[in-house]
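Work through the exercises below with the coordinates open. Each task is followed by a stepwise solution.

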Amino acid sequence: MQTERANGGGQAERRDLKVIVGAAIIRDGRVLACARSAPPEVAGMWEFPGGKVEPGEAETDALIRECAEELAVRVEIGERVGRNVRMAHGRSVLKVYAARLLGGDQPQALEHEALRWLTADELDSVTWLPADAPIVAALRPLLLNSR
C-alpha cells in the first residue's frame, strides 16, 4: 500500500506502508483473543493473531503462515472485518480477516501469554491493543450471527 505526503519542500514523497494482517478466528459464536507476552509495554494486552506481510506475499497467505507459526493451527481465511487501522507509529496498517479453524485444530499459545475464546458480550472484558480495538465493534455482529 502506498501513500503520499508532502515533504518540507512541499513536494509529495511516496512511502510504502507495511501491511500487518490479523485473524479473527471464529468458532461457535466466539473469537480467539491472544494476550501479548512481549514487548514489555504491551505485555498482557490482547490482540488478534497475525503479523507482517512479507514482500511478494499475499495477505491471506501471510495470515495462514502466521496462524501456523503462532498457534500451530490451519485456518481458512474469509472476509475482511472492519476497516484498515493505521498503526500508532504511522508506518503500517492493520487489516483483519475473519477465519475458521480447519480439521479440528486446537490453538496453542506458542508465542502468547494466554488464549481466550470470547463471546460478543465478553469482548470488552479484555484490554485490546489500540490497533485491534476498532475491529471489536465490527466483530460483534459476526459473532452474534455465527452462534
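pLDDT is the predictor's confidence in each residue, on a scale from 0 to 100. The model here is predicted.

**Exercise 1. Confidence.** State the mean pLDDT of the protein chain, then find where pLDDT stays under 50.

*Solution.* 
- Step 1. The protein chain averages a pLDDT of 88. A value of 70 or more is reached by 88% of its residues.
- Step 2. Residues 1–14 stay under 50. For this stretch the model has 24 contacts beyond four places in sequence.

**Exercise 2. Fold outline.** Count the helices and strands, and write their order along the protein chain.

*Solution.* 
- Step 1. The count gives two helices and nine strands.
- Step 2. In sequence order the pattern reads β-β-β-β-β-β-α-β-β-β-α.
- Step 3. Now take the contacts with a separation of 6 or more: 64% of them are between residues 24 or more positions apart.
- Step 4. Of the 147 residues in the protein chain, 41% are buried.

**Exercise 3. A link over a longer stretch.** Which strands does the pair R100 and E76 connect?

*Solution.* 
- Step 1. R100 and E76 form a salt bridge, with 2.8 Å between the closest N and O atoms.
- Step 2. R100 sits in strand 8 (residues 92–101) and E76 in strand 7 (residues 75–86). The two residues are 24 residues apart, and the pair links distant parts of the chain.
- Step 3. Relative accessibility is 42% for R100, which is partly exposed. E76 is partly exposed too, at 41%.

**Exercise 4. A network.** Which residues are linked with E57 in a network of salt bridges?

*Solution.* 
- Step 1. Start with one pair. The side chains of E57 and R65 meet in a salt bridge at 2.8 Å, N to O.
- Step 2. The network links E57, R65, E66 and E69.
- Step 3. E57 is partly exposed at 21%, and R65 is partly exposed at 22%.
- Step 4. The structure has nine salt bridges in total.

**Exercise 5. Charges and rings.** Which arginines lie over the faces of Y97 and W46?

*Solution.* 
- Step 1. R80 lies over the face of Y97, 5.6 Å from the ring centre.
- Step 2. R116 takes that position over W46, at 5.9 Å from the ring centre.
- Step 3. Turn to ring–ring pairs. The count of aromatic pairs is one.

**Exercise 6. A lysine in a strand.** Is K95 buried or exposed, and what does its side chain contact?

*Solution.* 
- Step 1. K95 lies in strand 8.
- Step 2. The relative accessible area of K95 is 10%, so K95 is buried.
- Step 3. The side chains of K95 and E59 are joined by a polar contact of 2.9 Å.

Conventions. Residues are numbered from 1 along each chain as its sequence is written. This is a predicted model: local features need pLDDT of at least 70, side-chain atom pairs count only at pLDDT 80 or more; totals for chains, interfaces and linings use all residues. Side-chain values use heavy atoms; hydrogens and water are left out. A salt bridge is a side-chain nitrogen of Lys or Arg within 4 Å of a carboxyl oxygen of Asp or Glu. Buried means under 20% relative accessible area, exposed over 50%, partly exposed in between (1.4 Å probe, protein chains only). Helices (H or I, at least four residues) and strands (E, at least two) are DSSP runs, numbered from the N terminus. Rings of Phe, Tyr and Trp (its six-membered ring) pair if their centres lie within 6.5 Å; planes under 30 degrees apart count as stacked, over 60 as edge-to-face and the rest as tilted. A charge sits over a ring if NZ of Lys or CZ of Arg is within 6 Å of the ring centre and within 35 degrees of the ring normal. A polar contact is a pair of N or O atoms within 3.5 Å; within protein, one must be able to donate a hydrogen and the other to accept it, and residues adjacent in sequence count only if both atoms are side-chain atoms. Contact means heavy atoms within 4.5 Å.
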